[in-house]
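The sequence and structure come first, and the description follows.

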Amino acid sequence: MMSRALPVFVLSAMALVAAACLPFLHVAPNRLLSGHAVSPLAWPLAAAWLAVIAVTAVRIPMQRVVVTATAWFGIAGLPWLAGAEAQRILSDASATTRVQPGAGFWLMWLAAALLLLDGLRGRRPAVQVAAWIVAGFTIVVLAAAGAFDGLSLVREWRAQRAPFAAAVAEHLRLAGTTLVLALLTGAPLGWWVWRRRRADGVVVGILAFLQTVPSLALFALLIGPFAWLARAWPALGTLGFGGTGAAPAVFALWLYALLPVVRYTAAGLDAVPADTRDAARGLGMSRTQLLMRVQLPLGWPVLLAGLRIVAVQTIGLAAVAALIGAGGLGRFVFLGIGQGATDMVLLGTLAIIVLALLVDFVFQAVLAWTERRA
Amino acid sequence: MTKARHTHGVIRVAAPLAVLASLLFVLPRSGPWFHAWLPELSHPLYTRTSFGALTLAHLALVTIATLFAVAIGLGLGILATRPSGRSLLPTVRAVAVIGQTFPPVAVLAIAVPLLGFGAAPTLLALVLYGVLPVLGQTIAGLEHVPAATLHAADGMGYGRWRRLREVELPLAAGPIMAGVRLSAIVSVGTATIGSAVGATTLGSPIVEGLVGNNTAYVVQGALLVGALALSVDAVLGAIERRIRRG
């Protein structure tokens with residue numbers, strides 16, 4: 001019993017420390033100045049976390065359900081509390097005042113999410129998915145109702161709605177183009193590597209070598225060649241092949257994405273045992289038929305798992321591409337850092353994280369679905 | 001045969017180091033070349049900080065971060081695979097998996113409001129992000145030690161600590177070292193981006209060059225940091241191969 005409860009103790013203790021010692025909110029006189037910390041609810045919140053620890057320590061009926069429900073309410077309730085407190089602070093402050101969630105809020109939120117994850121473990125998948133979706137939906141409804149309007153993050157979004165939407169679209173376009181290109185080129189390359197048994201050959205070696213080069217360096221080194229290309233063939237320039245911009249960014253992202261696609265394609269093709277392949281060939285299947293009817297359906301989950309890694313990695317790396325003028329959400333992050341506008345940085349960062357988690361979730365769902373069908 | 005492989009291994013480590021060393025020697029003297037290539041630039045050579053100092057600063061940041069990451073990752077990984085901490089394993093694993101979806105840039109950006117500009121937020125981001133591969137590989141390595149081996153150690157009267165120290169950790173050292181290597185490589189890359197939040201690293205010439213439209217700075221920084229990343233990878237890779245061979 002004691003050891004089963006260990007995660008709850010550790011996470012609640014972390015949240016307790018966050019509630020008592022770290023700032024729940026930051027209040028700044030305007031968008032650019034850094035503010036002072038306020039924790040109006042430090043004691044009630046700390047008491048709530050102490051209660052969770054107490055409930056776990058003494059045996060009561062339905063103990064696990066109580067803790068899990070508390071965690072669920074924390075996920076939806078903490079942002080609501082922050083929003084409500086922000087409104088209260090703003091009601092007697094100047095119009096430029098900004099209130100943003102502090103480290104204490106984020107840590108408690110993280111603890112609540114991990115507690116929910118822990119509490120839901122072992123439940124049916126449908127229950128798990130439902131709990132998370134309802135939590136997300138509750139937050140969306142609260143947001144639509146204006147519960148978070150006091151928080152500076154929402155204000156920043158309001159002020160920059162059009163550029164933000166454009167940045168999200170740009171980011172998705174960068175990542176999507178890269179992913180399609182990597183799949184179209186990487187899958188045949190992976191098939192070739194698999195056919196020739198060249199998993200440690202020159203191609204994979206070069207790709208692994210490129211993987212080691214820091215993203216910023218690779219992006220930067222491509223500026224020269226792409227500027228030269230645009231000068232040499234002006235037609236390419238009209239396609240967006242300047243020294244900076246989307247073309248070198250997609251090229252670099254494609255280089256990074258190739259290795260996982262090649263590796264997972266080869267692994268997926270290997271997922272079909274040699275005797276199964278022999279049997280299929282013995283039945284008179286051509287090599288193409290074997291590939292399309294046997295290897296692709298059976299190796300698909302492995303390739304999909306690889307694509308999931310590539311997609312998440314590309315969304316993260318695309319943020320760096322903003323430094324060479326490719327746009328996307330990274331522009332929000334780096335412009336915000338340059339101006340010292342924390343809200344702008346946070347808006348871009350959170351959007352990138354949410355995009356990465358969403359893509360991850362979608363791929364996992366597709367993966368679970370295909371495995372169920374197979 | 002083994003001699004050929006040995007020579008091959010030496011070349012794999014020596015080549016990137018030689019490239020790095022020659023770049024460090026040649027680049028400070030390369031002003032005229034860059035001037036000839038890009039005559040429109042008034043300052044064709046990055047001189048604000050010497051390349052040697054930048055490389056050392058970069059390497060120091062990565063080394064400190066990796067040491068912290070190894071200490072935390074190894075500690076958490078061991079804790080989560082002990083009988084008393086076993087119930088933490090799913091949570092720890094979830095943190096490692098979900099954490100990997102957070103882009104390095106995001107971790108860096110989150111660290112800035114907490115710690116301000118400079119090396120401090122970069123170091124925090126490097127540590128936080130560097131823990132994940134070490135943690136994941138430590139758990140994977142320790143979980144892969146065959147149960148029969150553990151029983152044999154128990155049968156020989158090994159205590160928990162002695163079994164961990166003399167049986168489990170040596171057997172898991174290969175995967176753990178792979179995690180350390182990955183952690184260090186990711187750190188080299190993230191430290192480069194760290195110059196965008198005010199850390200002085202080899203990314204500084206790149207970022208300043210991008211901002212000031214100075215291609216020469218960009219190329220100088222990128223060449224050096226590329227060579228540094230490959231050198232770090234080669235050295236740690238050699239250590240990993242040696243450990244795996246046993």
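## Contact of helix 9 with helix 10, chain B

In this predicted model, P205(B), I206(B), G209(B) and L210(B) of helix 9 of chain B touch Y217(B), V218(B), G221(B), A222(B) and V225(B) of helix 10 of chain B, where contact means heavy atoms within 4.5 Å. By class, this contact has seven nonpolar, two polar and no charged residues. Nonpolar here covers Ala, Val, Leu, Ile, Met, Phe, Trp, Tyr, Cys and Pro, charged covers Asp, Glu, Lys and Arg, and the others, Gly among them, count as polar.

Axes are lines fitted to C-alpha atoms, for helices over the stretch in contact, and angles run from 0 to 180 degrees between N-to-C directions. Helix 9 of chain B passes helix 10 of chain B in a left-handed crossing. A crossing is left-handed if the near helix is turned anticlockwise from the far one by less than a right angle, and right-handed if clockwise.

## Burial of helix 9, chain B

Seven of the nine residues of helix 9 of chain B are buried, meaning under 20% relative accessible area (1.4 Å probe, protein chains only); exposed is over 50% and partly exposed lies in between. The buried residues are G203(B), S204(B), P205(B), I206(B), V207(B), G209(B) and L210(B).

The cover over these residues includes helix 9 (215-232) of chain A, along with helix 3 (51-81), helix 8 (160-194) and helix 10 of chain B. After helix 9 of chain B comes N213(B), with a positive phi near 60°.

## Helix 5 against helix 8, chain B

Helix 5 (residues 104-115) of chain B packs on helix 8 of chain B at an angle of about 50°, and their axes are 10 Å apart. The pair is therefore oblique, and the crossing is right-handed.

P104(B), V105(B) and L108(B) of helix 5 of chain B make the contact with T190(B), I193(B) and G194(B) of helix 8 of chain B. By class, four residues are nonpolar, two are polar and none is charged.

## Helices 11 and 13, chain A

Helix 11 (residues 246-270) and helix 13 (residues 287-320) of chain A cross at roughly 155°, and their axes come within 8 Å. That makes them roughly antiparallel. The crossing is right-handed, and the contact has 16 nonpolar, seven polar and no charged residues.

## The sheet of chain A

Three strands of chain A form an open sheet in the order 2-1-3, with antiparallel pairing. Strand 2 (36-38) and strand 3 (98-101) of chain A are the edge strands, each pairing on one side only. Neighbouring strands are turned by 30° against each other on average, direction ignored.

Strand 1 (residues 25-28) of chain A is joined to strand 2 of chain A by three bridges; two strands pair if DSSP finds at least two bridges between them. H26(A) stands opposite A37(A) of strand 2 of chain A. Helix 3 (residues 63-91) of chain A lies across strands 1, 2 and 3 of chain A, at about 25° to strand 1 of chain A.

## Conventions

Helices (H or I, at least four residues) and strands (E, at least two) are DSSP runs, numbered from the N terminus. Residues are numbered from 1 along each chain as its sequence is written, and chains are lettered from A and ligands numbered from 1 in the order in which they are written. Local features need pLDDT of at least 70, side-chain atom pairs count only at pLDDT 80 or more, and totals for chains, interfaces and linings use all residues, while side-chain values use heavy atoms, with hydrogens and water left out.

Key
Parallel < 35°, antiparallel > 145°, perpendicular 65-115°, else oblique.
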